[in-house]
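Please look over the sequence and the model below before reading on.

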Amino acid sequence: VNVSHGSSYNGHKIIGAMHEETGYEIPFSEQVTRLCSVPTIVTGRFRTLEDVDDVIAAGQADMVGMTRAHIADPDIVKKTMEGRADEIRPCIGCNQGCIGGLSEGRVGCAINVAAGQELRFSEELIEPAKEVKKVLVIGGGPGGMEAARIAAIRGHQVTLAEGSDQLGGATRVARLAPKHASIGDVADWLEREMARLGINVLLNTYVTAEIVRELAPDEVIIATGASPRMDGKVAAVEGEGPSGVGQDHVVSTQQLLTGHHNQIGASAVVLDDVGAYEAIGAAEFLVEQGAHVTFVTTQSSFAPRMGPAGLVVPALERLN
């Protein structure tokens, strides 16, 4: 007996995104599974074998489905049985590559580039470098850490320099938004990989030409990411940006979530020029601070870039 939650009327409950907790379906499914005499299987955003063991030990089911967890890391069982659970690449529940990919005809994964492209990108295809080099990676976000990880796996001597006091880049900010914490799990995993692979990590290091000359790398990889633009210009409107954007109460999502702007008043306007999750996170954050929020968008609908990922409707429900 296969018991899962959701229907055509609330499809986002079938494959819960990052706003759902691990095992969110169990309170419903166990009402059926505990009465069955035949084998049962349940689902519910499970990501580790430890969580699965707890369900089976509690008698809530005989088996547990972990589809997305295996897309994120097909070796989840092998690594666990070998005592390497910390090396498992964690599913972050974003539903962008798996569920979103289905709508485009190919399953993928936001954090596992090899998913659906194993013949091109599987880590089993990575070969040791013929020549060991000193590699300098500038930028400690997910892109920089992944570049450093692959270079280290190939046998290169890798140094990664990050300008701030922690790794993770924009994901460290994004995880501060309500219901969005697990997006930072990929940064936690990559940071563990940095330590496991012996990568030399330099924090609080703004790389200059002098530092590059001092480190004398054979190769330099630039992964410095981007900063929010604060000139008020929007992609949908050509020409100059609006006046007044330099005022103190006009802030970026990054400034808002990191607490660099703590004077939140009774009301706020969120301008969404992207159509993804960032503006939703800002709106929810402001609501939790007690502000009355007006959500304005240049898009034709609410968060259209989230697609069929099962995030839009739950966000609308919470904001409503």
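A patch, as the word is used here, is made of residues with over 30% relative accessible area and no salt bridge, and nonpolar side chains are joined into a patch within 5 Å. In this predicted model, V1, V32 and V38 form such a nonpolar patch on the surface, and together they have about 220 Å² of accessible area. V32 has its place in helix α1, which covers residues 26–33, and V32 counts as partly exposed because its relative accessibility is 38%.

**Charged pairs**

Side chains of opposite charge can pair when their charged atoms come close. The structure holds 20 salt bridges, and three of them are set out in the table.

| Salt bridge | Closest N and O atoms |
|---|---|
| R172 and D188 | 2.8 Å |
| E191 and R172 | 2.7 Å |
| D231 and R229 | 2.7 Å |

R172 is buried, at 13% relative accessibility, whereas D188 is partly exposed, at 24%. E191 is partly exposed, with a relative accessible area of 34%.

In the salt bridge of D231 with R229, D231 is partly exposed, with a relative accessible area of 33%, while R229 is exposed, with 55%. Salt bridges that share partners join R47, R172, R175, D185, D188 and E191 into one network.

**Cysteines and aromatic rings**

How many disulfides are there? The count comes to zero, and C91 shows the reasoning: the nearest cysteine sulfur, that of C98, is 6.4 Å away, whereas a disulfide needs two cysteine sulfur atoms within 2.5 Å. C91 is buried, with a relative accessible area of 10%, while C36 is partly exposed, at 27% relative accessibility.

A search of the whole structure finds one aromatic pair. This pair is formed by F295 and F302, whose rings are 5.1 Å apart from centre to centre, and with 50° between the planes the pair is tilted. F295 counts as partly exposed, at 25% relative accessibility.

**Residues in loops and a helix**

Most residues other than glycine have a negative phi. N95, however, has a positive phi of about 60° although it is not a glycine, and K179, also not a glycine, has a positive phi of about 65°. N95 is found in the loop between α4 and α5 and is buried, with a relative accessible area of 2%. K179 has its place in the loop between α8 (170–174) and α9 (185–196) and is partly exposed, with a relative accessible area of 43%.

E87 is found in the loop between α4 (76–81) and α5 (99–102). Is E87 buried or exposed? At 15% relative accessibility, E87 counts as buried, and, leaving aside its neighbours within four places in sequence, E87 is in contact with D73, K79, W189, E193 and R196.

I153 lies in helix α7, residues 142–153, and is partly exposed, at 32% relative accessibility. Apart from neighbours within four places in sequence, I153 is in contact with E123, I126 and L197. I153 and N320, which are 167 residues apart in sequence, lie 48 Å apart in space, C-alpha to C-alpha.

Technical notes: Residues are numbered from 1 along each chain as its sequence is written. This is a predicted model: local features need pLDDT of at least 70, side-chain atom pairs count only at pLDDT 80 or more; totals for chains, interfaces and linings use all residues. Side-chain values use heavy atoms; hydrogens and water are left out. Buried means under 20% relative accessible area, exposed over 50%, partly exposed in between (1.4 Å probe, protein chains only). Rings of Phe, Tyr and Trp (its six-membered ring) pair if their centres lie within 6.5 Å; planes under 30 degrees apart count as stacked, over 60 as edge-to-face and the rest as tilted. Helices (H or I, at least four residues) and strands (E, at least two) are DSSP runs, numbered from the N terminus. Contact means heavy atoms within 4.5 Å. Patches are made of residues with over 30% relative accessible area and no salt bridge: like charges are joined within 9 Å, nonpolar side chains (Val, Leu, Ile, Met, Phe, Trp, Tyr) within 5 Å. Accessible areas come from the Shrake-Rupley method with a 1.4 Å probe; for residues, only the protein chains shown count as cover. A salt bridge is a side-chain nitrogen of Lys or Arg within 4 Å of a carboxyl oxygen of Asp or Glu.
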